[in-house]
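Subject: Structure handover and notes

Dear colleague,

I am passing on the structure below, together with notes on what was found in it. Please read the notes with the coordinates open beside them.

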Amino acid sequence: MNDEIVLKNGRVFDPMNGINGEIKDICISNGKIVEKVSGSAKEIDLKGSTVMPGGVDMHTHILGSKVNMARMMCPETNRHSPYLATKNTRGGVGGITPNSYVTGYLYSIMGYTTVVEPALPPEKALSSWEEIEDIPGLDIGLLPLFGNSMITFRYIKEGDVNGLAAYIAWILKSVGGLGVKVVNPGGTYAWAYGGNIRELDTPVPQWDITPRQIMHGLAEAVELLGLPHQMHLHPNNLGKVGNVETTIAQLEALKSVKGHKKGRSVVHLTHMAFDCLGMVEDGKPEWKYLASAGEEFAKYFNKNKHFTTDLGQITFGPVMTMTGDGPFQFSLYQLTGGKAKWANLPVEVELPGGAGIVPFNFVPTSPAHSLQWATPLEFALNVDDIWRCVMTTDHPNGGPFMKYPLVIAWLMSKKLRGEWIEKAHKLVQERSHLSEIEREYTLEEIAITTRAAPAKILGIERTKGHLGIGADADITVYGFDSEKLNLAANPEKIIKHFSQAKYTFKGGVQVAKKGVVGKHLHARVFSIHPRLDDGLSIRSEKEIADMIGKWYCHSYENYTVPARYREHLEIPTEIDSTSISA
Amino acid sequence: MSETRKTIENVPCTFCGCLCDDLIIEIEDGQIVKNTNGCAISKEKLLGCNENRLLQPLINGSPVSLDDAIQHVAEIIASSRRLLIYGLSSTENDAHREAYKIAELVRGVVDNTSSVCHGPTILGVQSSGEPNAMLAEVRNRSDLIIYWGSNPAAAHPRHIPRYIKKEGEYIKDPKEDREIWLVDIRRTTTARMVNKFIQINPASDLEVLLTLRALVRGHVLDVDEVGGLKIDQLKEMAEHMKSAKYGTLFFGLGLTQSRGSHRNIDAAIRLIQDLSAHTKWTMMPMRGHYNVAGANKTSTWMTGYPYAVDYARGYPRYQPGEYTAVDILANGEADALLNIASDPVAHFPIDAVEHIKKIPVINIDPKINMTSKLAEVNIPSAIAGIECDGAATRMDGLPIYLKKVIDPPEGILPDREILRMIYNSLMKVLKK
């Protein structure tokens with residue numbers, strides 16, 4: 001077969017299979033990694049190169065109305081980043097929020113092959129599928145939002161976890177979702193009347209239920225269904241000085257949730273950089289009292305295995321903040337003295353207060369920004385178990401994904417950290433431990449935090465995040481020899497190589513080579529379709545139809561994303577959730 | 001009932017930005033015979049979908065085959081140096097994708113009709129942001145609604161009855177629990193449907209908005225009257241707006257296309273943002289064409305920019321005022337026009353139309369319109385949402401899947417297929 005390839009003599013980092021820098025050949029056939037190929041297979045000699053599974057980004061905002069609002073509201077962020085069309089690829093812009101085509105290309109160039117959009121308003125899913133049509137070179141997962149939906153609230157209020165599970169199952173099937181996202185549970189709903197909820201047990205207006213109940217109920221429903229990815233949580237009280245305390249309280253409240261698999265975490269705490277702000281002793285929750293809580297949170301993380309996390313690393317420079325946490329975004333807008341642009345996008349019934357978007361700039365001269373930068377690094381360099389800790393920037397919140405190479409370099413090089421600590425505000429040295437940390441991530445650890453760990457946490461580790469037999473042939477080849485190049489001492493080389501893979505293979509097809517994308521490959525979408533007990537299914541569909549009829553102003557019949565937008569892209573995995581009774 | 005009679009429910013109406021999706025359409029012998037739930041305009045559009053149709057491609061007024069027409073179009077485009085592609089707002093999203101692809105291939109300019117309607121709204125958003133609204137949220141929660149420079153009774157007939165005067169989850173009695181104001185320069189038919197009509201002087205919107213903003217911020221103003229309103233009345237308005245639980249501002253072309261233009265929108269946005277520090281306020285442009293919001297959206301994800309996009313350098317650039325259709329025509333820059341699902345000759349200023357007369361025009365539209373009369377090539381297309389499916393975006397951003405309820409006349413294809421054929425033909429011509 002002529003689509004067979006053998007990658008020879010590369011130094012392979014494949015932590016899921018315990019391979020740590022061994023010279024090894026990798027055989028590809030039919031888009032998969034196989035044991036051996038025929039003699040006619042194309043041979044590529046990778047002597048002196050480093051080989052890893054394709055990158056997996058488990059939290060990146062690359063599509064949907066909030067990204068389009070950001071692009072539309074801030075054309076200035078893309079103006080100076082043209083991306084030329086070629087014979088094989090489309091043109092566009094590559095600023096903080098690249099257009100869809102260029103989003104895919106820039107990921108391919110860096111060696112990323114799988115990404116997850118973690119904030120899908122379910123009723124707007126049709127648009128997302130249309131956009132995915134134009135995001136090349138990636139396998140994509142979508143996480144619909146559940147934490148402020150009136151339908152969720154109704155089931156929580158009635159204590160009907162089975163009904164809630166059936167609602168989740170219906171949404172995942174109707175819109176093609178991979179898992180459950182929860183943002184500021186109850187708090188964004190309160191924003192529908194200009195409020196917020198910062199504490200676990202504050203009741204949600206009009207509903208008399210609390211964030212604790214919402215979160216707990218949703219996590220239970222996820223485990224009842226047996227979804228491969230645990231509840232993906234953006235906690236209450238985001239971006240508030242000292243919120244490491246409320247975040248730990250929220251995680252504590254989820255300890256009693258029973259996982260459907262032994263030893264599996266029940267919650268993924270996302271973008272910890274924004275959730276784990278510390279406070280100096282006797283301080284108040286104001287910016288001048290900010291301190292890094294990275295080490296403190298790492299201690300909690302090391303002791304408590306029921307959750308996983310990703311960094312949401314802040315990088316300096318212009319960013320686009322966008323979250324389903326409307327009240328937080330408004331407070332950020334107010335923090336700029338009302339000078340910034342501020343957009344708010346409510347989603348009827350499903351996110352009543354709405355998501356917010358504020359362009360922002362993290363500058364090293366600011367003490368608060370510098371400490372926010374130090375926090376996730378201090379955390380990541382203190383964790384015992386990198387399999388539960390994923391490198392992200394919460395693109396484009398902490399920084400655009402194009403800055404991953406810089407983040408990788410910070411993790412790998414104390415020298416580079418030292419240079420940046422010098423550039424940052426001096427409070428970093430007083431209120432964080434970053435400058436004292438000797439640890440430098442190894443290449444294996446980088447392969448874990450950017451590939452193997454996110455694939456495992458997302459529950460897609462059968463085919464993603466590794467290079468074993470049967471895995472998708474998503475492979476990144478970096479053009480350096482780790483035996484010859486001392487990366488930690490040459491951080492600029494880390495940035496160079498991780499910015500531009502020597503080759504990126506997606507499903508066995510070479511999509512990029514040294515910064516040039518040569519193939520425009522259609523995206524694919526991974527989704528989970530839970531199969532329910534018939535009785536539960538019938539009851540649930542009737543209830544959902546009634547609620548849509550009553551609360552929305554478009555019809556139940558027009559809710560589901562039609563097959564014609566999905567069938568050529570979607571790879572659904574059916575799971576058996578029939579044990580949940582009606 | 002005859003055997004060929006059938007009923008299709010939950011059909012979205014493809015006229016205005018409300019995209020009401022509750023029409024019940026009855027079909028007999030392949031023709032629409034009844035439209036239940038639709039407004040007067042919707043009924044006219046669906047029941048009259050066969051009126052004024054063009055049934056065959058034309059080159060210079062003479063009937064030709066589709067293949068010949070496409071070939072001729074490809075030649076016109078290939079020999080042009082600065083093609084303008086325009087329209088898009090009254091067709092579905094897949095057609096947009098093909099239009100951008102052609103623009104990129106020949107390094108042309110692509111613009112949609114928002115440049116002559118809510119383009120200034122987008123400019124306002126680009127200076128300040130926008131706290132948006134969504135229709136079911138308004139229905140469920142909003143206790144104070146303001147229409148400003150908009151006449152929904154005529155342009156969006158079901159906006160008030162379907163979203164505003166209907167009960168919502170937390171507005172049980174809309175008559176009692178919800179107040180509706182109308183701000184306009186003349187007493188329109190909408191004035192009869194609201195609780196309070198506030199008449200302001202023509203061209204004074206900016207002053208009135210800025211005054212309200214100052215009053216909301218607690219400034220004392222040393223004037224008696226602004227825009228024809230007594231300062232006490234304005235104070236009362238500001239106080240009332242601050243004490244609403246959930247306010248919504250719907251604004252129309254009376255605000256975007258009158259004196260002040262995008263500055264009016266910027267002032268309105270800043271007013272709503274300031275009010276947000278006191279209570280909940282949201283806003284929404286009253287989008288006209290059923291998929292003009294979709295045209296902005298598709299343009300944004302595919303090119304990076306919402307309208308006025310130029311591919312002359314091989315990548316998209318954005319410059320309203322320069323790459324907007326009216327400007328590029330009035331400046332005499334475009335040397336060919338590919339018009340899809342709009343009627344620029346009927347709506348553009350005279351100097352833009354004068355230039356259209358001088359250049360080859362390719363017009364793709366289901367019906368005969370003013371632009372057809374000037375077009376060198378006319379290609380009829382199927383009506384999206386009636387004769388072919390697709391996706392469109394409601395004025396508040398909700399995507400809705402459009403249904404095909406009847407077949408198009410024989411030999412008539414959807415816009416997207418015509419554009420694909422043009423692209424393929426163009427590839428061949430360009431290779432030569």
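This is a predicted model: local features need pLDDT of at least 70, side-chain atom pairs count only at pLDDT 80 or more; totals for chains, interfaces and linings use all residues.

Residues are numbered from 1 along each chain as its sequence is written, chains are lettered from A and ligands numbered from 1 in the order in which they are written, and side-chain values use heavy atoms, with hydrogens and water left out.

Helix packing

Helices (H or I, at least four residues) and strands (E, at least two) are DSSP runs numbered from the N terminus. Axes are lines fitted to C-alpha atoms, for helices over the stretch in contact, with angles from 0 to 180 degrees between N-to-C directions.

In chain B, the axes of helix α2 (residues 66–79) and helix α18 (residues 415–431) come within 8 Å and cross at roughly 60°. The two helices, α2(B) and α18(B), are therefore oblique to each other, given that angles under 35 degrees count as roughly parallel, over 145 as roughly antiparallel, 65 to 115 as roughly perpendicular and the rest as oblique. The crossing of α2(B) past α18(B) is right-handed, meaning that the near helix is turned clockwise from the far one by less than a right angle. Contact (heavy atoms within 4.5 Å) involves residues of α2(B) including I70(B), V73(B), A74(B) and I77(B), and residues of α18(B) including I418(B), I422(B), L426(B) and V429(B). By class, this contact of α2(B) with α18(B) has 12 nonpolar, two polar and one charged residues, where Ala, Val, Leu, Ile, Met, Phe, Trp, Tyr, Cys and Pro count as nonpolar, Asp, Glu, Lys and Arg as charged, and the others, Gly among them, as polar.

In chain A, the axes of helix α5 (residues 161–175) and helix α18 (residues 534–551) come within 9 Å and cross at roughly 75°, so α5(A) and α18(A) are roughly perpendicular to each other. On the α5(A) side the contact is made by N162(A), G163(A), A166(A), Y167(A) and W170(A), and on the α18(A) side by L536(A), R539(A), S540(A), E541(A), I544(A) and I548(A). Its make-up is six nonpolar, three polar and two charged residues.

Buried helices

Buried means under 20% relative accessible area, exposed over 50%, and partly exposed in between (1.4 Å probe, protein chains only). Nine of the nine residues of helix α1 (residues 65–73) of chain A are buried, so α1(A) is largely enclosed by the rest of the structure; among them are K66(A) and R71(A). Seven of the 10 residues of helix α8 (residues 244–253) of chain A are buried, so α8(A) is also largely enclosed by the rest of the structure. The cover over the buried residues of α8(A) includes α7 (211–225), α9 (272–275) and α10 (294–303) of chain A, together with β13 (267–269), β14 (277–279) and β16 (307–310).

Cysteines

A search of the whole structure finds zero disulfides (pairs of cysteine sulfur atoms within 2.5 Å) over all chains. For C389(A), the nearest cysteine sulfur is that of C276(A), 11 Å away, and C389(A) counts as buried at 1% relative accessibility. For C39(B), the nearest cysteine sulfur is that of C13(B), 5.8 Å away, and C39(B) is likewise buried, at 14%.

Backbone geometry

Most residues other than glycine have a negative phi, and most peptide bonds are trans. A cis peptide bond joins H395(A) and P396(A), with omega about -5°, and P396(A) is found in the loop between β20 (389–390) and α13 (404–412) of chain A. K514(A), although not a glycine, has a positive phi of about 45°, and is exposed at 51% relative accessible area. A308(B), also not a glycine, has a positive phi of about 55°; A308(B) lies in the loop between α13 (292–303) and β16 (309–310) of chain B and is buried at 0%.

Two loop positions

G518(A), in the loop between β24 (516–517) and β25 (524–532) of chain A, is partly exposed at 38%. Leaving aside neighbours within four places in sequence, G518(A) is in contact with N88(A) and V511(A). S114(B), in the loop between β7 (109–112) and α4 (119–128) of chain B, is buried at 0%; leaving aside neighbours within four places in sequence, the contacts of S114(B) include S89(B), R287(B) and Y307(B).

With best wishes
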